[in-house]
Amino acid sequence: MTLISAVVLLGILIFVHELGHFLFAKVLGVKVLTFSLGFGPKVIGRTIGDTEYRISAFPLGGYVKMLGEEPGEELEAGDRESAYSFQPVWKRFSIVFFGPIFNIAFAALLFILIFMAGVPVLYPDIGKISEKSPAAEASLKTGDRIIKINGREISSWNDVEIYISESGGEPLRLTVKRDGEIKNVTVKPEKETVTNLFGEEKKSWEIGVSPLIHPVVGDIVSGSPADKAGLKKGDRIAGVEGTPVKTWQDMTKLIHNSPGRPLQFTIERDGRLFEDTITPEKKVVTVPGEGDKEVGLIGIRPMENSFIKRFGPFSAISLGLQRTWDISVLTVVSIIKLIQRIIPAETIGGPILIVQMAGKEASQGALNFFTFMAVISINLGILNLLPIPILDGGHLMFLGIEAVRRRPVSEKVIAISQRVGLALLLTLMVFALYNDILRLFTGKMVP
């Protein structure tokens with residue numbers, strides 16, 4: 001199932017990428033000789049018009065072969081009008097450019113459809129409250145449901161985060177529901193230093209609360225300590241080592257701090273309490289800004305305190321485009337941080353990681369799988385735009401130079417550059433594969 005999921009995911013994304021090149025070649029009058037999904041020997045194919053459509057033996061790739069694309073290719077006089085190499089720069093630039101752009105546009109379409117189909121969003125319930133925070137001083141409590149902020153209805157935790165981040169430090173009037181009663185409190189956000197995904201410190205308005213995630217077991221990793229101990233979906237963790245647990249964060253803190261040490265769990269199942277001993281596995285997690293960190297894990301995921309929210313077409317379009325933009329920016333920033341060595345190179349994943357993740361997301365449902373597909377599609381589009389010879393971005397770079405110089409870059413320079421680009425790409429692929437294999441044997445995890 002895992003391998004099939006990966007082949008489906010990569011096959012669709014490769015098709016979308018090559019479709020961008022193909023359609024713009026056709027629209028701009030360039031003759032396409034071959035449209036292939038995969039490399040190597042032809043498995044099956046059919047010629048329609050001037051183009052042979054084929055599926056080739058090796059699925060990790062694809063290509064569109066155009067007339068006159070290869071240097072030194074012999075052409076008849078009548079073929080020059082439809083040959084790639086005889087087209088003006090803007091046409092060739094468009095044909096190359098729209099392969100990666102189709103991947104990004106495809107991701108946007110997926111996100112729009114996902115938002116329309118419905119996405120899980122957290123209820124606006126308060127979970128952990130930091131000591132001496134504005135929320136603590138306002139006497140907010142774990143379990144309070146925020147129903148209004150400044151008189152405006154709140155439907156999800158995302159609404160709460162938006163109001164707090166946009167408050168500018170002005171007091172917020174919160175209407176909360178607690179044990180069936182409605183209470184009004186005023187809380188004044190404070191500017192705090194938070195650490196982002198890259199280990200960078202940023203200033204943000206906060207009130208010292210996190211969303212409520214109940215310590216209830218959702219998914220269980222097969223073969224994990226939790227699985228071996230007989231934990232079941234729906235079990236509530238009531239305590240660890242005699243310490244009462246109210247939120248998922250309370251529980252995970254105790255587990256993470258106890259790698260390899262047996263812990264006594266108090267578990268509630270079907271209204272009765274019982275105890276069991278579970279020993280968290282030692283796992284190494286790479287945390288940006290902190291490096292490698294050994295933590296304890298028992299192999300469970302939470303049953304989130306969420307509901308499915310569906311969006312209308314206009315809202316879905318706005319949210320889908322915004323999500324695509326956010327992930328595109330995050331991808332670009334991540335590449336920069338990798339070059340700056342702020343993000344460790346060990347976090348780079350290769351084909352094994354993609355196969356594993358595709359299988360994992362597919363097993364959790366269509367929503368997870370298509371969300372993962374959208375993220376990978378954006379990554380594929382952005383990476384292909386990098387100015388590395390042999391990638392689309394390298395071709396665009398040479399076309400840009402040609403537009404400025406008003407004559408093509410010499411074939412010798414292009415050939416040498418492409419060999420260098422191929423060497424860089426192969427080195428990166430080998431390194432990514434090495435990381436994948438290392439993770440398989442050591443259990444080291446990507447954050």
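1. Let's start with Lys132: is this residue buried or exposed? Lys132 is exposed, because its relative accessible area is 76%, above the 50% cut-off for that class. You will find Lys132 in the loop between strand E4 (126-129) and helix H3 (134-137). Please keep in mind that this is a predicted model. The backbone of Lys132 deserves a look too: phi is about 60°, a positive value, although the residue is not a glycine. Most residues other than glycine have a negative phi.

2. Ile390 is another residue to check for its backbone. Here phi is near 95°, again positive in a residue other than glycine. Ile390 sits in the loop between helix H9 (366-384) and helix H10 (392-405). With a relative accessible area of 34%, Ile390 is partly exposed.

3. Now for the whole chain. It has eleven helices and 20 strands. Of its 447 residues, 39% count as buried. The accessible surface comes to about 24700 Å², and carbon and sulfur atoms hold 59% of that area. Looking at contacts with a separation of 6 or more, 60% are between residues 24 or more positions apart.

4. Four strands form an open sheet, in the order E6-E5-E7-E8, with antiparallel pairing. The edge strands are E6 and strand E8 (181-187), each of which pairs on one side only. Helix H4 (residues 157-165) packs on this sheet and touches E5, E6 and E7. The direction of H4 makes about 50° with that of E5. As a reminder, strands of a sheet pair through backbone hydrogen bonds.

5. Let's zoom in on one pair of strands. How many bridges join E5 to strand E7 (residues 172-178)? There are four, and the two strands run antiparallel. In this pairing, Ile149 stands opposite Leu174 in E7.

6. Asn150 lies in the loop between strand E5 (145-149) and strand E6 (152-153). At 29% relative accessibility, Asn150 counts as partly exposed. Leaving aside residues up to four places away in sequence, Asn150 touches Pro171, Leu172 and Arg173. The C-alpha atoms of Asn150 and Thr175 are separated by 8.2 Å, while the two residues are 25 residues apart along the chain.

7. Next come the charged pairs. Side chains of opposite charge can pair when their charged atoms come close. The structure holds eleven salt bridges. One of them joins Glu52 and Lys42, whose closest N and O atoms are 2.9 Å apart. Glu52 lies in strand E2 (residues 51-66) and Lys42 in strand E1 (residues 32-48), so this pair ties together parts that are ten residues apart in sequence. Glu52 is buried, with a relative accessible area of 14%, whereas Lys42 is partly exposed at 46%.

8. Where do the partners Asp250 and Lys128 lie? Their salt bridge has its closest N and O atoms 3.2 Å apart. This pair links distant parts of the chain: Asp250 is in helix H6 (residues 248-256) and Lys128 in strand E4, 122 residues apart. Lys128 is partly exposed, with a relative accessible area of 40%.

9. Glu241 and Arg261 meet in a salt bridge as well, at 4.0 Å from N to O. Glu241 lies in the loop between strand E13 (236-240) and strand E14 (243-244), and Arg261 in the loop between H6 and strand E15 (263-269), so the pair ties together parts 20 residues apart in sequence. Glu241 is partly exposed, with a relative accessible area of 42%; Arg261 counts as partly exposed at 42%. Returning to Lys42 and Glu52, salt bridges with shared partners join them and Arg54 into one network.

10. Finally, take a look at Glu402 in helix H10. At 12% relative accessibility, Glu402 counts as buried. Beyond residues up to four places away in sequence, Glu402 touches Val89, Arg92, Arg407 and Pro408.

Methods. Residues numbered from 1 in each chain as written. Predicted model: local features only at pLDDT ≥ 70, side-chain atom pairs only at ≥ 80, totals over all residues. Heavy atoms only, no water. Buried < 20%, exposed > 50% of the residue type's maximum accessible area, 1.4 Å probe, protein only. Contact = heavy atoms within 4.5 Å. Pairing = 2+ DSSP bridges. Axes fitted to C-alpha atoms, helices over the stretch in contact; angles between N-to-C directions. Areas by Shrake-Rupley, 256 points an atom, 1.4 Å probe, with all protein chains shown as cover. Salt bridge = Lys/Arg side-chain N within 4 Å of Asp/Glu carboxyl O.
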